[in-house]
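I opened the model to look things up one at a time. My notes follow in the order I made them.

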Amino acid sequence: MKLIVGIGGVTNGGKTTLTNSLLKALPNCCVIHQDDFFKPQDQIAVGEDGFKQWDVLESLDMEAMLGTVRAWLSSPQKFARAHGVSIRPDAADTDILILDGFLLYSYRPMVDLYSRRYFLTVPYEECKWRRSTRNYTVPDPPGLFDGHVWPMYQKYRREMEADGVEVVYLDGMKSREELFHQVLQDIQNSLLNRSQASAPTPAHPARPQGPGLGGGHRAARPPASQPDTV
Ligand SMILES: Nc1ncnc2c1ncn2[C@@H]1O[C@H](COP(=O)(O)OP(=O)(O)O)[C@@H](O)[C@H]1O
Ligand SMILES: O=C(O)c1ccc[n+]([C@@H]2O[C@H](COP(=O)([O-])O)[C@@H](O)[C@H]2O)c1
Ligand SMILES: [Mg+2]
């Protein structure tokens with residue numbers, strides 16, 4: 001079974017930290033980081049506010065990111081081997097892909113691919129403080145957080161909620177350990193439910209997947225390519 005897990009949410013919410021812990025704990029688990037798909041600096045638009053518009057969807061090569069997800073979907077174990085992830089014989093029929101990024105649920109062609117969408121939040125003051133301690137490849141110019149980063153976070157989050165995209169909110173103020181155990185347990189429960197749901201018995205043949213984990217997007221349109229996540 002294939003499981004695509006999104007670790008999304010606000011910048012500095014703890015997405016990459018949580019992702020790295022999950023990667024070590026989950027079997028046959030690969031990762032794609034959205035940050036790896038930023039376009040080159042000279043292709044980033046400059047807004048009327050004078051800031052380079054890093055925190056908009058157009059600054060990311062989402063087609064390339066989707067292509068990488070499709071490569072995993074077409075052959076997860078080949079993808080895993082190519083990325084140095086060794087296949088665990090005790091879980092050879094389980095393939096997990098984690099997507100880590102701040103705009104995971106705003107790119108329409110990918111919204112329905114997730115089995116589970118987590119969304120980390122932290123309050124404004126905490127976010128601003130954590131951001132001030134970070135070293136990005138392109139350092140934040142003065143005023144970027146209040147002038148661009150936080151307003152774009154609010155805008156995309158509002159749109160995601162208005163579109164009815166189902167996410168599981170995570171309180172990024174919890175400790176790293178608590179978040180890790182909460183999400184690990186939740187994913188393990190999902191895997192268990194799915195393997196039980198798909199195990200055919202003579203009296204009760206396997207049912208089609210219910211709304212619990214797959215899809216979950218309110219709009220009733222067919223997904224572009226749904227992983228066989230039953
Ligand atoms: N649960 C947490 N509590 C406090 N600080 C955290 C937590 N998770 C991550 N951090 C810290 O916050 C900063 C941003 O973490 P990171 O995982 O890179 O966030 P993101 O990928 O969401 O931008 C780092 O300094 C990291 O050590
Ligand atoms: O990674 C880069 O090349 C890069 C260059 C410029 C800016 N960023 C910032 O990276 C942020 C998203 O990453 P993260 O881990 O903070 O969620 C986003 O808020 C951008 O402003 C990232
Ligand atoms: Mg990150």
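Predicted model: local features only at pLDDT ≥ 70, side-chain atom pairs only at ≥ 80, totals over all residues.

Five bridges join β1 to β4, which spans residues 116–121, and the two strands run parallel. I looked up one pair in detail: Gly8 has Phe119 of β4 as its bridge partner.

Next I checked β3, residues 95–100. This strand is joined to β1 by six bridges, and the pair is again parallel. Here Ile4 stands opposite Leu97.

Is β1 enclosed or open? I went through residues 2–9 and noted that seven of the eight are buried, so the strand is largely enclosed by the rest of the structure.

I then stepped back to the whole protein. I listed seven helices and five strands. Along the sequence they follow the pattern β-α-β-α-α-β-α-β-α-α-β-α. Of the 230 residues, 31% are buried. I also looked at contacts with a separation of 6 or more, and 82% of them are between residues 24 or more positions apart.

Ligand 1 came next. Which residues come nearest to ligand 1? I noted Gly13, Gly14, Lys15, Thr16 and Thr17, out of 14 residues around this ligand. I sorted the shell by class and wrote down one nonpolar, nine polar and four charged residues. Two helices, α1 (15–25) and α7 (176–198), each supply at least two residues of this shell. The largest share comes from α1, with three residues.

My last entry is on Ser175. I found this residue in the loop between β5 (168–171) and α7. Why does Ser175 count as exposed? I looked up the neighbours: Ser175 has 9 C-beta neighbours inside 10 Å, and a residue counts as exposed with 12 or fewer. So Ser175 falls in the exposed class. I also took a distance from Ser175 to Thr94, which is 81 residues away along the chain, and the C-alpha atoms of the two are separated by 28 Å.

Key:
Residues numbered from 1 in each chain as written. Chains lettered and ligands numbered in written order. Near = placed C-beta within 6 Å. Helix = DSSP H or I, 4+ residues; strand = E, 2+ residues; numbered from the N terminus. Nonpolar A, V, L, I, M, F, W, Y, C, P; charged D, E, K, R; others polar. Buried ≥ 20, exposed ≤ 12 C-beta atoms within 10 Å, placed from the backbone. Pairing = 2+ DSSP bridges. Contact = placed C-beta atoms within 7 Å.
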